[in-house]
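The sequence and the model are shown first.

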Amino acid sequence: MPYDFDETVGRRRFLRTLGVAGAAAGAGALAGCTSRIGAYQHDIAASGEGAAAWGREAGEWIPSCCNMCGGQSGILCHVVNGVVEKIEPNHWNPNNYSNISTDFFDGYTEEYGCAEGGALCPKGNAGIMQLYDPDRVQRPLKRTNPRKGRDEDPGWQEISWAQAVDEIAAKLRALREGGEAHKLLWWSEDHSFTHIQDDFCQLFGSPNYSNHSNLCDVSRKASFKMAMGDDRPLSDFLQSKYILLFGWNPTSAIKWVHLPRTLTRGIERGARLVVVDPYLSDTAAKAHEWVQILPGTDGALALALAHVIIREQLYDHDFIANWTVGFAEFSEYVKDKTPQWAEKITSVPAAAIERIARELATTKPACVDVWSGPGQHSNGVQGGRAIALLAALVGGYDQPGTLLLPDKRGNKHAEVEPDATAERTLDEPRYDGVKDFPIGHKSGVYGRCWERLLAGNGPYQPKVGVCVFQNLVMSGPGSSQVEAALKKLETLVVVDTMVSETALLADYLIPGTVYLERYDLNSHWVTWPVLGLRQPVVKAATRQTSPFPYQGGIFGQMAEYEFVTALGRKLGLRTADGTDFFRLGPASRQPIEDLTAWYEDYLSNELQTGAPKMTLAQLKQLPGAVWVDRSGTKYRKYAALIPAAKLAKAFVDGDITVDGTAIYDKPKDQHGKRIGTVIGGRPIRGFFTASGKVEFYSPSLIGKNDAHGRPVDPLPVYRPRDWQPDAEFPLYLINWKEASHTHTRSQNNAWLREIKPSNPLVIHPDTASRLGIENGDEVWVESRHGKTRAVAKVTRRIHPAVVGAQHGFGHWRLGRGAAGVGTAFGDLNTVAYDALSGQGLHKEICVKVYKA
Amino acid sequence: MNEDPGVRETLERDPTLTPCERREMFGVLGRWLGAALAAATVSRAAEPAPAAQGRQRKHHYGMVIDTRRCVGCRACVVACKAENKTPPGVAYTVVLDGALEPRIGDKPLFMTKPCFHCENPACTVVCPVGATFKRAEDGLVVVDYDRCIGCRYCITACPYGARYFDYGDDYPARSDKTPYDAVPSPEYGQYRKREPGRSPIGNVRKCTFCLHLQDEQGAYNRAAGCWPACAKTCTGKAIHFGDFMDPESEVSRLLRERPAIRLKEEMGNEPNVYYLL
């Protein structure tokens, strides 16, 4: 039950617990005006023994990083008698406080950390219930029922770790020895232990390592990559005076826990906050202005804003002249993208567009940003690109109070050199054909995978799938199709802490770790280099010995990286020079038998070769176990000269005296990374686009096709998204995230369920009354692909043409608390992805709603 | 607000009541009991108990909560659960997110709402066994679980809904006997292990401003992490906690500098939690 304060009752459960007569009797003790302070006071005896055994001085406080979501905020874990008793914010980790270094260091002390102390969101506080969830998978399970489906009991048989590793390795060995290593598909979460999985796939010989990002924000990545060459610029709310957010809910879909503080501080310091969203999100609740927009039309709004700014010459002339290309073509394109044009598309009044454009362009500095609201539509990439260019128009890059270029130097992933056997299958095309996506991302395209598995029309037929810390079935559009696709594999291995809907289809279900049981290095998404350590704060009572020695989580289970290492050893995977990769410590260059110790050495190597230049043991000793580069946030990095030392080792792709020549850290065929461009005759960082500048118009895109074979627009052309409402399915259906839950993975967490037990379907009162729906009614939500039941919540917080709900509920498994609660919308769509970036299209659904 | 206007008028016209008594009537009784008790003459003033005598007011703890900074995330609710080990259905702080009528789009106003540790608490005086009281030395309103008989009069009396009854429910991590079941609640420094049939099951529970984190002098130490759990975790840094007796404390300064409101001021309970709007 949520803690709703009912004004008409005044207290919870009043009627249930007490009759009026009883209360009246108690009123005999009512006092008069005399002070009540101290009345009836007596001593309440404390327990000195209890305090000694369990108080704050007892046990240990272990610094680490959260992983309840991908935000990775710093935590301090109070561990007493081997139990995590409390989790608190880590004051030394900037991610918990500010993404701007001057703000973080203002009042910082080594003893206490940041001046006001860090913060931790509800999910971070609830990590204890994730760790001690009695529904967790504790031992490896093997399927005995060959039939797979939502209603099929897998007939789990408990097996030993040795047997699990042996049998899975045997299946993989058969693939590899048959020259079919590429027929292994691998899906992973995108923040944890990704490098070791990538290494495994490389050394094994599969090009098919993919991860979560393509379900999340690769469209944003593509939008910015096209416009300004960086994957993930970061908002500086704190120093901004005008913050314009398109479909982003930073104070509720928190991710980095500094966001609620930095955004509200920005407002306190004078920023105006304008939120464009079909739903009055919890962030829009903090805004001065909520711009109610139709889903998937944000790009049109951005173009109209640009139209007004250019028409009235309010743009940043200096930035446009020096740091951009293609402004003339863009100006020409937006000439007819008038506010009146946009009003018809977006439902935002033209007068509001005129006014917001003037405010945005004349209030400096302005921060314009966009995330997954507009992004998860079929026109999301170009829409996001228009927004990224709107930011450029008002000079909004890498100045205080704008969008900052990240500087994310942290641990370094040492690339492995696969042996000849692996090389042969690595040359096979990726199964998902990510190369067909002109702005595709290394995380791959899950949707393409499912489509090809179902149709059997990929470049080959994959045989084995390994899914680590992902719930593919619930996470993508088209849940039923994802299930059907996964069933095509001969063997599916799932590593998870819970029996997720995906785990339900597994042939082998391997117990995973909660983040409190394992290591990771997290280079944080603040604006200067910061790296936090995740470390096991609880472990098995005794070290495990089979099939290799390792420490073990609370059930004696391997951490995910140990499982991968164990498989690598069983398979005897070696690098090109014959090194027994999964046994030889990468830092010590000594054989290490213990899996945990080997991974510690692996991490030490990443730290020593990366920016921190220290060992794992040294990182553990830092305050809060976080390395914070003291040089701090830098601005106008794009104008910086490439240091001579760096330039000396660089690969110059052409003539260094010619403007526009690109500069890489090493040759392109050796995975060289772009580090700069020759601009004005000087080698500077610039922007990592083809031209080295922000591109309003990209000639390099001319002649390219998207994954559906359509030419790519070199301008951020607005096209309506593919799926539009019609007479039969007249409403847009969207979804969002809130602070209470992470994706589809936290709904069995008892504390989080208590603050957010379910996800009602939010509907506008005008729409509801037209449909005869009242608050709390059970309704059907039906699309052309399927229907599902929901409970209506009637509020003006949503656009009348739109219905929506928090994502993540409606499980049929996961755990006893999550199953059967709330609504999942995955079956209302088929597998759907964007043809430019491969982004999963979660928010492009049209429905009708009627009383159940 | 909550009072039935008819009752209010009746009480206001009653010449036998002092203004102060009238105010208390509103505060304690609310709409349900007002009429029933209007005729009762209520006069027994509470005497300070022997244990309270000689205790000087050393602290005046309270909170100033900045609604502009509260983002409604409910980290405070969960952090409080984690700190005090409260069972399902018991939350010492909750977050209101009601829509304010004149605002467009049913725009919510987020407010976290712990116990207000009122200067003039309505809850303590209704206790038939003297189990709950306002401490003389620091003003905290507490419950002695060993005395509480679970009658729940105090729940009715509190106009703010800040008190909860412990029905003995448990989260799966306890009911299924995971290692977490060993963890006791630090409340009142008692470190009670949760056991069926034992207090605080069957008692009324409420926010203590995490008084178990006070030192022997009754002081909190923020640098050492000895600070109310909700304030420590707050993502917007909206919850300011401190001592109103110290004019230099953050809470005193905020009240000097910024206009603040208290909820249901007209009830006369004089809450020690203020809201900045």
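Strands are DSSP runs of E with at least two residues, helices are runs of H or I with at least four residues, and both are numbered from the N terminus. Two strands count as paired if DSSP finds at least two bridges between them. The model is predicted: local features need pLDDT of at least 70 and side-chain atom pairs count only at pLDDT 80 or more, while totals for chains, interfaces and linings use all residues. Residues are numbered from 1 along each chain as its sequence is written, and chains are lettered from A and ligands numbered from 1 in the order in which they are written.

By an automatic or database domain assignment, chain A is divided into domain 1 (48–131), domain 2 (141–215 + 416–612), domain 3 (234–404), domain 4 (637–698) and domain 5 (731–851). The centres of domain 3 and domain 5 of chain A, taken over C-alpha atoms, are separated by 27 Å. Their contact (C-beta atoms, placed from the backbone, within 7 Å) takes 19 residues from domain 3 of chain A and 22 residues from domain 5 of chain A.

Chain A also holds an open sheet of four strands in the order β11-β10-β9-β13, with parallel pairing. Because β11 (289–292) and β13 (366–370) of chain A stand at the edges with a single partner strand each, one side of each is left without a neighbour in the sheet. Within the sheet, β9 (residues 242–246) and β10 (residues 272–277) of chain A pair in the parallel sense over five bridges. Phe246(A) stands opposite Val276(A) in β10(A).

Terms used. Two residues are in contact if their C-beta atoms, placed from the backbone, lie within 7 Å.
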